[in-house]
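Here is my note on the model you sent. Please read the points with the structure open.

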Amino acid sequence: MMSVLYQVSHRVSLHSFSPSLSAARRVVDLSLSSRRCFSLHRKRPIPRRRTMKSSRLATLVPLSSSSPAAAEHSVPDSASSPTQDNEDNTSMGAGYRLPPKEIRDIVDAPPLPALSFSPHRDKILFLKRTALPPISDLAKPEVKLAGIRIDVNSNARSRMSFYTGIGIHSLLEDGSLGPEIEVHGFPEGSKLNFVTWSRDGRHLSFTIRSDEEDNTSSKLAVWVADIASGKARPLFNSSDVYLNPIFDSFVWVNDSTLLVCTIPSSRGPPPKKPFVPSGPKIQSNEKQNIIQVPTFQDLLRDEHDADLFDYYATCQLLLASLDGTFTPIGTPVVYTSIDPSPDEKYILVTSIHRPYSYVVPCGRFPKKVELWTCEGKFVREMCDLPLAEDIPIASNSVRKGKRSLNWRPDKPSTLYWVETQDGGDAKVEVSPRDIVYMESAEPVNGEHPQILHKLDLRYGGVSWCDESLALVYESWYKTRKTRTWVIAPDLKDVEPRVLFDRSSEDVYSDPGSPMLRRTANGSYVIARIKKDGNEGMFLLFNGSGATPQGNVPFLDLFDIETGNKERIWESDKEKYYERVVALMSDQADGDLKLKELKILTSKESKTENTQYFLQTWPEKKQVQITDFPHPYPQLKSIHKEMIRYERKDGVQLTADLYLPPEYDPSVDGPLPCIVWAYPGEFKTKNAASQVRGSPNQFAGISSTSPLLWLARRFAILSGPTIPIIGEGDEEANDRYVEQLVSSAEAAVEEVIRRGVADPSKIAVGGHSYGAFMTANLLAHAPHLFCCGIARSGAYNRTLTPFGFQNEDRTLWEATNTYVEMSPFMSANKIKKPILLMHGEEDNNSGTHTMQSDRFFTALKGHGALSRLVILPYESHGYYARESIMHVLWETDRWLQKYCENNSDKSINKEDSVKSETAVSSENKTLSVTGGGTAHECLESDELGSAPRSSL
């Protein structure tokens, strides 16, 4: 078992093994496309970064997932057209187009392999992959059921990424790599998924599938490979046993046995939809329940959909040995999770069952958790939760009943879970709010669950160490409060105490997270460190090290008793950005000796892509283990600078300014500029003013990144902070437009002041909530930008009436706010060219394709210069090479025509005056019946680079 660090910006992934996480629980290998986080609630108490700007940047993903899949496929060069084209020829579509070669070459550069270390840290896998997949992959038949999309031929999640090969290298004592052993024996052209180490590191398990001649995919077969020889073979002796990975896939129960989710052998053809309906479709609320749900996509529509969901998701569990024999256990049902206990005696089995729902996705369907022996014998039922259609929309609201049911990683077979005391409703005031329980797998003498800890905020997980130490986390989004408790799980006479009590958005005070070590049974616990001459209990805290000068990651030796800390490692501050990726010296159980500490670190700079190093104590010797080439050498000499400037209300802002290679402002003069952003929400001006990110991080360029236009001699202002602040009882969204415009004005004024941007040639763009921002800026700040690019956005908030982002008031409670924030309502004010792009099959809550359709209709109705591009088969993010290349062509065409060749050489003073007047008066003049009182919320997803993984 291991986690995966997917380093896309450098086209390399690192699959590692010793996560430094806020909650230690079993690390389950999943596929990015085929296993999702099963909690499908809209709200998140801890903000998470989107990866729209740079989907290839480092992201913590499971090992079994792979990079964006690809087959060798290209659009003929003839599909490209000159920059200056006739509008009539481009309005109705003329096939997929290609962007200029300088952009195309960067996007088509072959990706570097992903890396994965063995449980004993003595082997490294090089997981090979190709570039972008063809549109034909997306065109394969799929069904959309209960919030998931299924490839009907492979019986797996559709749009799964994959690997194309596996190379095995030994990690030698001096840090160098041994010769590659290629995993072989499977058919050429196979697509590999779910690559997983056995617990002893002697075998790999993975799946293979292939494309058929009729553009369908084969079902997934499970294979195993011997690490010593690289020889691979099918796991099952029978050739008609296939994986069913709709929810879970397989897991190593011990060194020689896997528990596998398979398609039932008795399954027939899929149920057919009745030609004649048996009656109308009826939904009833005659009991007058209050059910407020977000605008979920791909829901069940009728009984036939429910039958199809059962058909494709139902699994038969098989216990399979490495000799090819297997035994069915349990009955075929919709299993969503299989989790063996650390001592290999029990399995925690989760399934979902009817009655299903037409208004919420499968994550809220009735859920049953049972305890079995590893032979498949039923022991007891842990819980059977009812349908959860009524989870309130307020942040930190949760499902009723037992949740987060897991094995204690430091015990053979002890379970723990949490239960809400507020009915799951965050608006209910109660103390305690959550209670954490634990219990043996098979209680004796009628013993009851033991209360582990009581929490007044919302439970956020546990990091386990041993019977004398565990860290329990709680947080509350509304106040941004977060606490870490120190408890002694099995020592009743030791009182819990608060270790940290701070604001989650105060990054300067973040102490980091404890590093975890792998145990012999494959679980992860907090690493305890033994220091010579000191009997104290020391932990390793790995942190991002946010400072006013940028992030300086660190590793602290932390005395858990006194709170004293010693910084034993810190990133270079001048030229490089370094970080601790994983613990490499945790092969044996027990405390780790500081003098024998070994860690894996990464190192990069503004111009040098990430490489990985082994560092050993006590001399802290550093050995480089990778030597990846620069992914886009043509942009190696770009200029990157983290700039700081101030909003008119005193809030300090930051952004990354990129300038093209060999650019000299004194010679070349101001450039056309792209401002690409994503708003974030804060409770205080102080938190909004803090610096996030490092000026020394490598410039990662994804397939749809605005940084691609450095190759076209544009200046790029990437990720300028756009804070929407709601202090005290104020709701941030009630001043959204005002703060949005103020932040944009500050950013534009700064690049103009520096002489790098032509005031008449500044474009604005964004994806998702960034697209929403873009449309609002063109409506309310027309003096700042010459044109806009909006991808996959939502523009009419009345179409998301039960909240959006982290707004937890309804449309009827805050009518004015919903209306004022909606650029759809200000379509008559948009006078600058706007390019709208959207995936035809967008499944993101709140950004249905209809949003762009109707916004474009409104724009046309007022004569706005606008263009709408709908991408067939694409979802919220764009996947196929043809789609991505066309998005880049559309973007480049728009920028060339309405930005670089913009003839307006001065800022429109009249627009400026009008905009300032409108922003200051709109909240006063717009009156809509039913407006609510002022309150705050908005999700602080940031555009910037995708977050770097901290394992």
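Is Asp-532 buried or exposed? Asp-532 is exposed, at a relative accessible area of 55%. Here buried means under 20% relative accessible area, exposed over 50%, and partly exposed in between, with a 1.4 Å probe and protein chains only.

1. Basis. This is a predicted model, in which local features need pLDDT of at least 70 and side-chain atom pairs count only at pLDDT 80 or more, while totals for chains, interfaces and linings use all residues. Residues are numbered from 1 along each chain as its sequence is written, and side-chain values use heavy atoms, with hydrogens and water left out.

2. Asp-532 meets Lys-595 in a salt bridge, at 3.7 Å from N to O. A salt bridge here is a side-chain nitrogen of Lys or Arg within 4 Å of a carboxyl oxygen of Asp or Glu. The pair links distant parts of the chain, 63 residues apart. Asp-532 sits in the loop between β33 (528–531) and β34 (534–543). Lys-595 sits in the loop between β38 (592–593) and β39 (598–605). Lys-595 counts as partly exposed, at 42% relative accessibility. Strands (E, at least two residues) and helices (H or I, at least four) are DSSP runs, numbered from the N terminus.

3. The structure holds 55 salt bridges. One of them joins the side chains of Glu-681 and Arg-480, at 3.1 Å from N to O. Glu-681 is buried, with a relative accessible area of 1%. Arg-480 is buried too, at 3% relative accessibility.

4. Arg-480 again. What does the charged end of Arg-480 sit over? It sits over the ring of Tyr-477, 4.0 Å from the ring centre. The rule asks for NZ of Lys or CZ of Arg within 6 Å of the ring centre and within 35 degrees of the ring normal. Arg-797 lies over the face of Phe-772, at 4.6 Å from the ring centre.

5. Glu-730 and Arg-735 meet through their side chains in a salt bridge, at 3.3 Å from N to O. Glu-730 is partly exposed, with a relative accessible area of 25%. Arg-735 is partly exposed as well, at 26%. Elsewhere, salt bridges that share partners join Arg-403, Asp-422, Glu-429, Arg-433, Asp-434 and Arg-458 into one network.

6. The β26 to β29 sheet. Four strands form an open sheet in the order β26-β27-β28-β29, with antiparallel pairing. Two strands pair if DSSP finds at least two bridges between them. Why is one side of β26 and of β29 left without a neighbour in the sheet? β26 (458–466) and β29 (497–503) stand at the edges, so each has a single partner strand. Neighbouring strands of this sheet are turned by 15° against each other on average, direction ignored. The axes are lines fitted to C-alpha atoms, for helices over the stretch in contact, and angles run from 0 to 180 degrees between N-to-C directions. β28 and β29 pair over six bridges. Val-486 has Arg-497 in β29 as its bridge partner.

7. The β22 to β25 sheet. This open sheet of four strands has the order β22-β23-β24-β25, again with antiparallel pairing. β22 (402–407) and β25 (450–455) stand at its edges. β22 and β23 (residues 414–420) pair over four bridges. Asn-406 stands opposite Tyr-416 in β23.

8. Aromatic pairs. The count comes to 24 aromatic pairs. Rings of Phe, Tyr and Trp (its six-membered ring) pair if their centres lie within 6.5 Å; planes under 30 degrees apart count as stacked, over 60 as edge-to-face and the rest as tilted. Phe-309 and Tyr-356 have ring centres 5.3 Å apart and planes at 85°, so this pair is edge-to-face. Phe-309 lies in helix α4 (residues 303–313), 47 residues from Tyr-356. Phe-309 and Tyr-356 are buried. Ring pairs link Phe-247, Phe-309, Tyr-356 and Phe-365 into a cluster.
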